[in-house]
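Here's a quick briefing to read alongside the model. Have the sequence and the 3D view open as you go.

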Amino acid sequence: MLHLVLFNPEIPQNTGNIGRLCAINECRLHLVHPLGFKITDKQLRRSGMDYWKSLDVHHHDDWPAFKASPQAPPGKLWLFTTKAEKSYWEVEYVDGDALVFGNEGHGAPQWLHDELVDTRITIPQKNSELRSLNLSTAAGIATYEVMRQLAQ
């Protein structure tokens with residue numbers, strides 16, 4: 001099973017879209033609190049639509065609670081960041097790995113970069129002057145690359 005981990009997401013529509021992505025592809029979604037919205041937010045329900053009831057979602061009070069959870073991923077934690085040199089194409093994923101994404105406004109905090117320094121990866125961008133892709137777009141790109149590799 002592939003795991004997607006959202007660290008302190010701020011925008012309910014992104015979380016809803018990623019929830020839909022996870023439900024359709026039978027991935028487990030981890031939401032590491034605090035969230036920048038209420039989980040009952042209308043925008044979250046709208047973007048996740050009726051897929052939310054089919055979603056394998058787990059809430060964690062903070063990063064240590066996530067790591068200690070019985071539902072935590074058994075594989076590697078791959079941190080997606082614009083601050084990495086290694087492309088997500090250069091990685092060999094295995095079943096049980098997790099894709100970790102920081103929040104929309106600030107990305108992942110430095111201490112999380114330090115903890116996951118050996119598994120930081122990036123989605124290459126031709127225009128390096130622009131900040132980054134939308135969170136749900138990046139999650140979709142990454143999820144389908146892992147699924148492609150695991151299907152081979």
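Glu-26 is exposed, with a relative accessible area of 66%, and it sits in the loop between α1 and β2. In this predicted model, its phi comes out near 55 degrees, a positive value in a residue other than glycine. Below is the rest of the picture, by topic.

- Most residues other than glycine have a negative phi, and most peptide bonds are trans.
- Asn-8 is another residue with a positive phi, near 50 degrees, though not a glycine.
- You'll find Asn-8 in the loop between β1 and α1, and with a relative accessible area of 14% Asn-8 is buried.
- The peptide bond running from His-33 to Pro-34 is cis, with omega near 5 degrees.
- Pro-34 itself belongs to the loop between β2 and α2 (42-48).

**The sheet**

- An open sheet is built from 6 strands in the order β3-β2-β1-β5-β4-β6, with parallel pairing.
- β3 (56-60) and β6 are the edge strands with a single partner each, so one side of each has no neighbour in the sheet.
- Strands of a sheet pair through backbone hydrogen bonds, either parallel or antiparallel.
- β1 (residues 3-7) pairs with β2 (residues 28-32) over 5 bridges, in the parallel sense, and Val-5 stands opposite His-30 in β2.
- β4 and β5 (residues 98-101) run parallel and are joined by 4 bridges, while 2 bridges join β4 to β6 (residues 120-121), again parallel.
- Phe-80 is a handy landmark here: its bridge partner in β5 is Phe-101, and its bridge partner in β6 is Ile-121.

- Val-100 is a residue of β5, and Val-100 counts as buried because its relative accessible area is 0%.
- Setting aside neighbours within four places in sequence, Val-100 is in contact with Leu-77, Trp-78, Leu-79 and Phe-80, as well as Val-5, Trp-63 and Leu-112.
- Val-100 and Leu-133 are 33 residues apart along the chain, and their C-alpha atoms are separated by 15 Å.

- His-60 lies in β3, and its relative accessible area of 4% makes it buried.
- Leaving out residues up to four places away in sequence, His-60 touches His-30, Leu-31, Val-32 and His-33, plus Ala-65, Phe-66 and Ser-69.

**Helices over the sheet**

- α1 (residues 12-25) lies across β1 and β2, at about 170 degrees to β1.
- α5 (residues 135-151) lies across β1, β4 and β5, running at about 165 degrees to β5.
- Ser-136 is part of α5 and is buried, at 17% relative accessible area.
- Beyond its neighbours within four places in sequence, Ser-136 is in contact with Asn-14, Asn-17 and Ile-18.
- The C-alpha atoms of Ser-136 and Gly-16 are separated by 8.8 Å, though these residues are 120 apart along the chain.

**Cysteines**

- How many disulfides are there? The count is 0.
- Cys-22 is in no disulfide, and its nearest cysteine sulfur, that of Cys-27, is 5.0 Å away.
- Buried or exposed? Cys-22 is buried, at 0% relative accessibility, and Cys-27 is buried too, with a relative accessible area of 4%.

**The largest pocket**

- The largest pocket holds about 590 Å³ of space.
- Its lining has 25 residues, and the closest to the pocket centre are Thr-82, Asn-103, Gly-107, Ser-132 and Leu-133.
- Which elements give two or more residues to the lining of the largest pocket? They are β4 and α5.

How values were computed. Residues numbered from 1 in each chain as written. Predicted model: local features only at pLDDT ≥ 70, side-chain atom pairs only at ≥ 80, totals over all residues. Heavy atoms only, no water. Pairing = 2+ DSSP bridges. Contact = heavy atoms within 4.5 Å. Axes fitted to C-alpha atoms, helices over the stretch in contact; angles between N-to-C directions. Disulfide = S-S within 2.5 Å. Buried < 20%, exposed > 50% of the residue type's maximum accessible area, 1.4 Å probe, protein only. 1 Å grid on protein atoms, 1.4 Å probe; cavity = no way out; pocket = protein on both sides within 12 Å on 5 of 7 lines; lining within 4 Å. Points joined across faces, edges and corners; volume = space filled by probe spheres on them.
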